[in-house]
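Please find below a colleague's note on the structure shown here. The points are numbered and may be read with the model open alongside.

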Amino acid sequence: MKEVNKGILDNDMVISAENVQKMGEVIALTCIKTVIVRSGKDLHYLYKGLLRDINRSKDDYSPFSNAYDIAQEAMLFLCQHIGEKLGDNYTTKYGKVVTIKSACYRCADNYLQKQYTRYMANTISLDERITAEPNTILDDEQKNDYTAVDGLISKMKLTAAEYDTLCAYMAGLTYLEVTRLLNVNRTTIWRRRMSLQRKYALATNSL
């Protein structure tokens with residue numbers, strides 16, 4: 001039986017020295033984009049810097065942006081699990097069992113919060129503070145739950161190429177940025193998008 005190729009962040013993907021860099025980069029992009037969308041914090045400079053780092057040519061020896069530190073943090077975490085699958089169990093310091101992928105997202109989230117967003121906590125205006133709901137302090141077990149969509153994605157039964165395309169879009173990349181990241185032409189990405197939309201509609205209708 002022919003083995004089916006897996007997407008870069010598929011739960012069945014084995015973490016290896018060859019793919020750990022790309023995994024870390026996509027996870028970092030997704031974390032930054034999620035914080036921008038959910039909190040409204042102006043971290044676009046980090047996002048653009050990391051995207052530029054990922055797309056840089058091999059003969060570009062200029063310094064990486066500060067945002068690449070987030071990707072490296074994710075890579076370092078994943079390197080501790082070389083040979084394991086992203087969907088394998090990982091026990092947090094609080095005793096909660098999550099996937100290695102989910103734990104890596106949280107690791108990158110924590111680094112992003114400590115290095116770049118904590119100092120922004122008091123930058124909103126007084127009027128915004130008065131009208132805003134009281135803030136709830138969340139520990140690293142409660143923050144962005146990236147496992148919530150895993151069930152839906154599983155129902156979509158994506159090919160490896162479709163999964164990589166979906167990950168790129170979830171990370172907030174534009175149409176042209178996705179083509180560059182995945183090294184495919186625009187027509188191919190358009191076809192994958194149409195397929196993703198059809199499979200998404202079928203999966204959500206079955207819920």
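1. The largest nonpolar core has 54 residues. A nonpolar core is a set of buried Ala, Val, Leu, Ile, Met, Phe, Trp, Tyr and Cys residues joined through side-chain atoms within 4.5 Å. Buried means under 20% relative accessible area, exposed over 50%, and partly exposed in between (1.4 Å probe, protein chains only). The residues with the most contacts inside this core are Leu 9, Ile 27, Ile 32, Leu 50, Ile 70, Leu 78 and Leu 173. At least two core residues come from each of α1 (20–39), α2 (44–55), α3 (68–79), α4 (100–117), α6 (150–156), α7 (160–170), α8 (175–182) and α9. Helix α1 gives the most, with 10 residues.

2. On the source of the coordinates, this is a predicted model, in which local features need pLDDT of at least 70 and side-chain atom pairs count only at pLDDT 80 or more, while totals for chains, interfaces and linings use all residues. Residues are numbered from 1 along each chain as its sequence is written, and side-chain values use heavy atoms, with hydrogens and water left out.

3. The chain contains nine helices and two strands, arranged along the sequence as α-α-α-β-β-α-α-α-α-α-α. Helices (H or I, at least four residues) and strands (E, at least two) are DSSP runs, numbered from the N terminus. Of the 207 residues, 43% are buried. Among contacts (heavy atoms within 4.5 Å) with a separation of 6 or more, 63% are between residues 24 or more positions apart.

4. Neighbours within four places in sequence aside, the residues in contact with Leu 78 include Ile 15, Val 20, Ile 27, Leu 86, Ile 100 and Cys 104.

5. How many disulfides does the structure hold? There are zero, a disulfide being a pair of cysteine sulfur atoms within 2.5 Å. For Cys 31, the nearest cysteine sulfur is that of Cys 104, 7.6 Å away. The sulfur of Cys 104 has its closest cysteine sulfur in Cys 107, at 6.0 Å, which is too far for a bond. Cys 31 is buried, at a relative accessible area of 0%, and Cys 104 is likewise buried, at 0%.

6. Side chains of opposite charge can pair when their charged atoms come close. The structure holds three salt bridges, each defined as a side-chain nitrogen of Lys or Arg within 4 Å of a carboxyl oxygen of Asp or Glu. One joins Lys 199 to Glu 162 at 2.7 Å, N to O. This pair links distant parts of the chain, with Lys 199 in helix α9 and Glu 162 in helix α7, 37 residues apart. Glu 162 is buried, at 8% relative accessibility.

7. Shared partners join Asp 53, Arg 56 and Asp 60 into one salt-bridge network. The closest N and O atoms are 3.8 Å apart between Asp 53 and Arg 56, and 3.7 Å apart between Arg 56 and Asp 60. Asp 53 is buried at 5% and Arg 56 is buried at 17%, whereas Asp 60 is partly exposed at 29%.

8. Arg 192 deserves attention. Arg 192 lies in helix α9 (residues 186–205) and is buried yet has no salt bridge; the nearest side chain of opposite charge, Asp 164, is 6.4 Å away. Residues up to four places away in sequence aside, Arg 192 touches Ala 161, Thr 165, Leu 182 and Val 184.

Technical notes: Lys, Arg positive; Asp, Glu negative; His and termini not counted.
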